[in-house]
Amino acid sequence: MSDGNSAEVPEGAAVFPLIPEELGIHPLLLAVLHAVVFFDGSDVAVVNDAAADEALQYFATYLQRLQGKDLLRIREDIETLLGFARQEKWPAEELQFLQSFLHDFGVGSAEDA
(Lines give C-alpha, C1' and ligand atoms only; values in the text may rest on other atoms or scores of the structure.)
Protein backbone atom coordinates (compact mmCIF):
# COMPACT_ATOMS: atom_id res chain seq x y z
CA MET A 1 0.00 0.00 0.00
CA SER A 2 1.20 3.44 -0.80
CA ASP A 3 2.22 5.73 2.02
CA GLY A 4 2.67 8.72 -0.29
CA ASN A 5 6.46 8.39 -0.07
CA SER A 6 6.87 5.22 -2.13
CA ALA A 7 9.36 4.91 -4.96
CA GLU A 8 8.20 4.87 -8.55
CA VAL A 9 6.92 1.64 -10.01
CA PRO A 10 9.88 -0.13 -11.64
CA GLU A 11 10.12 -0.59 -15.39
CA GLY A 12 8.58 -3.94 -16.35
CA ALA A 13 5.91 -4.01 -13.64
CA ALA A 14 2.49 -4.87 -15.06
CA VAL A 15 -0.30 -2.75 -13.60
CA PHE A 16 -4.04 -3.04 -14.25
CA PRO A 17 -6.02 0.21 -14.57
CA LEU A 18 -7.80 1.62 -11.52
CA ILE A 19 -11.46 0.59 -11.55
CA PRO A 20 -14.04 3.14 -10.34
CA GLU A 21 -16.01 2.18 -7.24
CA GLU A 22 -19.21 3.30 -8.97
CA LEU A 23 -19.15 0.19 -11.19
CA GLY A 24 -20.04 -1.89 -8.11
CA ILE A 25 -17.58 -4.67 -8.93
CA HIS A 26 -16.72 -6.84 -5.95
CA PRO A 27 -13.53 -5.50 -4.37
CA LEU A 28 -12.08 -9.00 -3.88
CA LEU A 29 -12.42 -9.71 -7.61
CA LEU A 30 -10.63 -6.45 -8.37
CA ALA A 31 -7.85 -7.36 -5.95
CA VAL A 32 -7.42 -10.74 -7.64
CA LEU A 33 -7.42 -9.19 -11.13
CA HIS A 34 -4.76 -6.68 -10.14
CA ALA A 35 -2.62 -9.38 -8.52
CA VAL A 36 -2.94 -11.69 -11.53
CA VAL A 37 -1.91 -8.93 -13.92
CA PHE A 38 1.09 -8.09 -11.72
CA PHE A 39 2.28 -11.68 -11.21
CA ASP A 40 1.60 -12.87 -14.75
CA GLY A 41 2.59 -9.77 -16.67
CA SER A 42 5.59 -8.35 -14.87
CA ASP A 43 9.13 -8.91 -16.08
CA VAL A 44 11.41 -11.36 -14.27
CA ALA A 45 13.44 -8.39 -13.04
CA VAL A 46 10.36 -7.39 -11.01
CA VAL A 47 8.79 -10.73 -10.02
CA ASN A 48 10.34 -14.17 -9.64
CA ASP A 49 8.68 -16.42 -12.24
CA ALA A 50 8.56 -19.55 -10.08
CA ALA A 51 7.03 -17.70 -7.14
CA ALA A 52 4.53 -15.94 -9.41
CA ASP A 53 3.52 -19.23 -11.05
CA GLU A 54 2.93 -20.83 -7.67
CA ALA A 55 0.79 -17.90 -6.52
CA LEU A 56 -1.22 -18.03 -9.76
CA GLN A 57 -1.85 -21.76 -9.26
CA TYR A 58 -3.30 -21.04 -5.83
CA PHE A 59 -5.45 -18.25 -7.30
CA ALA A 60 -6.82 -20.78 -9.80
CA THR A 61 -7.48 -23.34 -7.07
CA TYR A 62 -9.45 -20.84 -5.01
CA LEU A 63 -11.34 -19.36 -7.96
CA GLN A 64 -12.43 -22.85 -9.00
CA ARG A 65 -14.30 -23.11 -5.70
CA LEU A 66 -16.78 -20.45 -6.85
CA GLN A 67 -20.33 -21.78 -7.06
CA GLY A 68 -23.91 -20.61 -7.12
CA LYS A 69 -24.55 -16.95 -6.40
CA ASP A 70 -20.85 -16.21 -5.96
CA LEU A 71 -20.03 -17.56 -9.43
CA LEU A 72 -22.94 -15.67 -10.96
CA ARG A 73 -21.79 -12.47 -9.26
CA ILE A 74 -18.23 -12.86 -10.56
CA ARG A 75 -19.49 -13.52 -14.10
CA GLU A 76 -21.72 -10.44 -13.95
CA ASP A 77 -18.87 -8.34 -12.58
CA ILE A 78 -16.56 -9.47 -15.39
CA GLU A 79 -19.24 -8.53 -17.96
CA THR A 80 -19.67 -5.12 -16.31
CA LEU A 81 -15.93 -4.60 -16.34
CA LEU A 82 -15.74 -5.62 -20.00
CA GLY A 83 -18.43 -3.08 -20.87
CA PHE A 84 -16.51 -0.40 -19.02
CA ALA A 85 -13.25 -1.39 -20.70
CA ARG A 86 -14.85 -1.19 -24.16
CA GLN A 87 -16.40 2.18 -23.34
CA GLU A 88 -13.00 3.47 -22.18
CA LYS A 89 -11.32 1.96 -25.28
CA TRP A 90 -8.86 -0.19 -23.37
CA PRO A 91 -6.19 -1.95 -25.45
CA ALA A 92 -7.17 -5.26 -27.07
CA GLU A 93 -4.75 -7.15 -24.79
CA GLU A 94 -6.61 -6.01 -21.66
CA LEU A 95 -9.99 -6.85 -23.20
CA GLN A 96 -8.75 -10.33 -24.09
CA PHE A 97 -7.45 -10.80 -20.53
CA LEU A 98 -10.91 -10.04 -19.12
CA GLN A 99 -12.74 -12.15 -21.72
CA SER A 100 -10.63 -15.22 -21.02
CA PHE A 101 -9.93 -14.70 -17.30
CA LEU A 102 -12.43 -17.18 -15.83
CA HIS A 103 -11.78 -19.80 -18.50
CA ASP A 104 -8.01 -19.45 -18.12
CA PHE A 105 -8.33 -20.10 -14.40
CA GLY A 106 -10.59 -23.13 -14.87
CA VAL A 107 -13.69 -21.55 -13.41
CA GLY A 108 -16.90 -23.47 -14.12
CA SER A 109 -19.41 -22.57 -16.78
CA ALA A 110 -22.63 -20.65 -16.20
CA GLU A 111 -24.51 -23.96 -16.04
CA ASP A 112 -22.47 -24.84 -12.93
CA ALA A 113 -23.85 -21.82 -11.06
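These are my notebook entries on a predicted model of one protein chain.

I number residues from 1 along each chain as its sequence is written.

**Overall.** I looked up the secondary structure and found four helices and zero strands, in the order α-α-α-α from the N terminus. Helices here are DSSP runs of H or I with at least four residues, strands are runs of E with at least two, and numbering starts at the N terminus. Of the 113 residues, 31% count as buried. I take buried as under 20% relative accessible area, exposed as over 50%, and partly exposed as in between, with a 1.4 Å probe and protein chains only. The accessible surface comes to about 7,700 Å², and carbon and sulfur atoms hold 52% of that surface. The areas are Shrake-Rupley values with a 1.4 Å probe; for residues, only the protein chains shown count as cover. For contacts (heavy atoms within 4.5 Å), I looked at pairs with a separation of 6 or more: residues 24 or more positions apart account for 67% of them.

**H1 against H4.** I checked the axes of H1 (residues 27-41) and H4 (residues 92-104), which come within 12 Å and cross at roughly 110°. Axes are lines fitted to C-alpha atoms, for helices over the stretch in contact, and angles run from 0 to 180 degrees between N-to-C directions. The two helices are therefore roughly perpendicular; the classes are under 35 degrees for roughly parallel, over 145 for roughly antiparallel, 65 to 115 for roughly perpendicular, and oblique for the rest. H1 brings Leu29, Val32, Leu33, Val36 and Val37 to the contact, and H4 brings Phe97, Leu98 and Phe101. By class I get eight nonpolar, no polar and no charged residues. Nonpolar covers Ala, Val, Leu, Ile, Met, Phe, Trp, Tyr, Cys and Pro; charged covers Asp, Glu, Lys and Arg; polar covers the others, Gly among them.

**H3 against H4.** These helices pack at about 170° with axes 10 Å apart, which makes H3 roughly antiparallel to H4. The H3 side of the contact includes Ile74, Arg75 and Ile78, and the H4 side includes Leu95 and Gln99. I get nine nonpolar, one polar and two charged residues here.

**Core.** The largest nonpolar core has 28 residues, and those with the most contacts inside it are Phe16, Leu33, Leu81, Leu98 and Phe101. Such a core is a set of buried Ala, Val, Leu, Ile, Met, Phe, Trp, Tyr and Cys residues joined through side-chain atoms within 4.5 Å. H1, H2 (49-63), H3 (68-87) and H4 each supply at least two residues, and H3 gives the most, with seven. I listed what Leu33 touches, leaving out residues up to four places away in sequence: Phe16, Ile78, Leu81, Phe97, Leu98 and Phe101.

**Single residues.** Asp77 lies in H3 and counts as buried at 6% relative accessibility. Leaving aside neighbours within four places, Asp77 contacts Gly24, Ile25, His26 and Leu29. Lys89 sits in the loop between H3 and H4, is exposed at 71%, and has a positive phi of about 60° although it is not a glycine. Leu23, in the segment before H1, is partly exposed at 27%. Leu23 and Phe84 are 61 residues apart in sequence and 8.3 Å apart in space, C-alpha to C-alpha.

Technical notes:
Predicted model: local features only at pLDDT ≥ 70, side-chain atom pairs only at ≥ 80, totals over all residues. Heavy atoms only, no water.
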